[in-house]
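Please look at the sequence and the structure first, then read the points grouped by topic below.

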Amino acid sequence: MSRVGNKPIALPQGVEVKIDGSTVNVKGAKGSLAREVDSDFDLAVEDGQITVKRPTDQKRHKALHGLYRSLINNMVIGVSEGYKKELELVGVGYKATTQGQILEMNLGYSHNIFMQIPSEVSVSAETQKGKNPIVTLESTDKELVGEVAAKIRSLRKIEPYKGKGIRFVGEIIRRKAGKTAAK
């Protein structure tokens with residue numbers, strides 16, 4: 001039995017859910033999201049809760065049961081609270097600025113990197129004197145925020161010797177010792 005799939009999804013105040021065939025539409029204070037769900041699954045909204053029921057115990061249905069429950073739960077949380085990721089640029093001379101949906105970063109390469117951020121994600125860059133620049137991504141779509149953050153992070157991966165690169169705020173990096181001094 002899927003323990004995640006059997007758990008009902010509680011709907012917070014102000015969140016509406018409409019199920020049209022195999023499409024789930026969730027609307028809340030922060031926006032609205034829609035997702036296609038396999039038509040085999042039975043979705044029901046009762047007493048301020050959404051339940052996901054699988055039709056059979058086939059391996060495929062078991063595999064998708066918890067997935068669809070988690071995806072719908074992420075949509076409900078996204079439209080009520082939203083998702084936020086913060087990236088820290090660690091390195092001498094690393095900078096980040098935003099102009100609308102364009103993020104401009106100086107990451108120690110010979111050129112600046114310009115990145116177009118999707119319109120569903122709001123981006124801001126903050127630089128305080130004496131601290132590393134921080135890029136903040138916010139959206140209702142958890143999947144999209146994570147994808148954009150991963151793309152930005154891949155532009156300059158953390159290196160283990162000095163710890164330079166792009167990391168999530170609060171992320172702990174395993175450091176390696178450098179060369180030892182010769183005798």
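The side chain of Arg 54 forms a polar contact of 3.1 Å with the side chain of His 65; a polar contact is a pair of N or O atoms within 3.5 Å, where within protein one must be able to donate a hydrogen and the other to accept it, and residues adjacent in sequence count only if both atoms are side-chain atoms. This is a predicted model, in which local features need pLDDT of at least 70 and side-chain atom pairs count only at pLDDT 80 or more, while totals for chains, interfaces and linings use all residues. Residues are numbered from 1 along each chain as its sequence is written, and side-chain values use heavy atoms, leaving out hydrogens and water.

**Arg 54**
- Arg 54 lies in the loop between strand 6 and helix 2; helices (H or I, at least four residues) and strands (E, at least two) are DSSP runs, numbered from the N terminus.
- With a relative accessible area of 14%, Arg 54 is buried (buried means under 20%, exposed over 50%, partly exposed in between, with a 1.4 Å probe and protein chains only).
- The side chain of Arg 54 also makes a polar contact with that of Asp 57, at 3.2 Å.

**Asp 40**
- Asp 40 sits in the loop between strand 4 (32–36) and strand 5, and is partly exposed at 37% relative accessibility.
- Leaving aside residues up to four places away in sequence, Asp 40 touches Pro 55, Arg 60 and His 61, where contact means heavy atoms within 4.5 Å.
- The side chains of Asp 40 and His 61 are joined by a polar contact of 3.0 Å.

- Three strands form an open sheet in the order 1-6-5 with antiparallel pairing; two strands pair if DSSP finds at least two bridges between them.
- Its edge strands, strand 1 (9–10) and strand 5 (42–46), each pair on one side only.
- Strand 1 pairs with strand 6 (residues 49–53) over 2 bridges, and Ile 9 has Ile 50 as its bridge partner in strand 6.
- Helix 2 packs on the sheet and touches strand 1, strand 5 and strand 6.
- The 22 residues of helix 2 (residues 59–80) should span 32 Å at 1.5 Å a residue, and the end C-alpha atoms are 33 Å apart, which agrees; the expected span is 1.5 Å times one less than the number of residues.
- Just after helix 2, Gly 82 takes a positive phi of about 90°.

Methods: Axes are lines fitted to C-alpha atoms, for helices over the stretch in contact, and angles run from 0 to 180 degrees between N-to-C directions.
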